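Biologist: Please take a close look at a single part of this model, one chain. How is the fold of that chain built?

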Amino acid sequence: MNEIGLTHILFVSTMLFFIGVYGFLTRKNMITMLMAVELILNSVNINFIAFNKYLYGDKLDGLFFTIFIITIAAAEAAVAIAIIINLYRNLKSIDVDDADIMKF
Amino acid sequence: MNASTMVFYILSAVILGGALLSVTAKKIFRAAVFLLFSLIGIAGLYFYLNYEFIAAVQIVVYVGGIVVLIIFSIFLTHESGRDMKEPSMISNLFAVFACCFAAALTYLFIKEEHFNATPNPTLEPSARNIGTQMLDITRYGYILPFEAVSILLLAAMIGCIVIAIKLKPKE
């Protein structure tokens, strides 16, 4: 147990992923759901970096995947918040249960 | 237990504790602040693994960008002192069960797996190596995804403006 191995880091990222999934399943507020998605994406980033560090130290591919995931997460968060603000303007609420105007 | 191990466990405690409080906090502003702690802990984990560039990107983009954006949108859409709705008992129970069992299953797989590291000499993840390979136009370069993601960012920016723009009602 003295040496921090790949298994430890994978365990942390697994826990982080399922905490994010728990938040996504239980929250009803759109901004908190977005936060849960950010946690999930971050756990994936930790996985990529850990595999790159411990298994494929001669390459940088995991690192590039992390960079592109961070970029796309930033774009996704910006678009999601624009949609949330627009929805708030129309419905005066950002609860997912209230956003049912597209139901037939 | 040496100092390096201690640092790892402290970082893990910050990451997981922040994440757990972030998904269970009653007030939405507190949830955003706990998310901030969790993201800073993840940046610390990247520093711990000697990936300084990714740690810097994590701090700049997540801590400086996304969390600030989230906090702004909380101020625009909420009375941030108010408590949020509690999840119903049954959905909470099922979510906890699903996540615990899935985490346990994944943990079993991780524990059983034997990973084999590559014997090749390691490549330093310095900014020079990252930049050289990212803008490389030969076989192992990442110039095409780089360009694609730049177009994606432009499209996202225009899309955000179009979605959130407030049109004046016609006279």
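Modeller: Keep in mind that the model is predicted. Start with the elements. Chain B has six helices and zero strands. Read from the N terminus, the order is α-α-α-α-α-α.

Next, the overall form. The C-alpha trace of chain B spans about 70 × 45 × 30 Å along its principal axes. The radius of gyration of chain B is 21 Å, whereas a compact globule of 171 residues would have one near 16 Å. Burial comes next: of the 171 residues in chain B, 21% are buried. Now the contacts. Take those in chain B between residues at least 6 apart in sequence: 47% of them join residues at least 24 apart.

One loop of chain B deserves a stop. B:Asn50 sits between helix H2 (28–48) and helix H3 (52–77). The phi of B:Asn50 is positive, near 65°, and the residue is not a glycine. B:Asn50 counts as exposed, because it has 11 C-beta neighbours inside 10 Å and the cut-off for exposed is 12 or fewer.

A:Lys92 lies in the segment after helix H3 (61–91) of chain A. With 9 other C-beta atoms within 10 Å, A:Lys92 is exposed.

Last, helix H1 (residues 6–26) of chain A. At 1.5 Å a residue, its 21 residues should span 30 Å, and its end C-alpha atoms are 30 Å apart, which agrees. In H1(A), 15 of the 21 residues are buried, so the helix is largely enclosed by the rest of the structure.

Technical notes. Residues are numbered from 1 along each chain as its sequence is written. Chains are lettered from A and ligands numbered from 1 in the order in which they are written. This is a predicted model: local features need pLDDT of at least 70, side-chain atom pairs count only at pLDDT 80 or more; totals for chains, interfaces and linings use all residues. Helices (H or I, at least four residues) and strands (E, at least two) are DSSP runs, numbered from the N terminus. The radius of gyration is taken over C-alpha atoms; the globule rule is 2.2 Å times the number of residues to the power 0.38. A residue is buried if 20 or more other C-beta atoms lie within 10 Å of its own, exposed if 12 or fewer, and partly exposed in between; C-beta atoms are placed from the backbone. Two residues are in contact if their C-beta atoms, placed from the backbone, lie within 7 Å. The expected span of a helix is 1.5 Å times one less than its number of residues.
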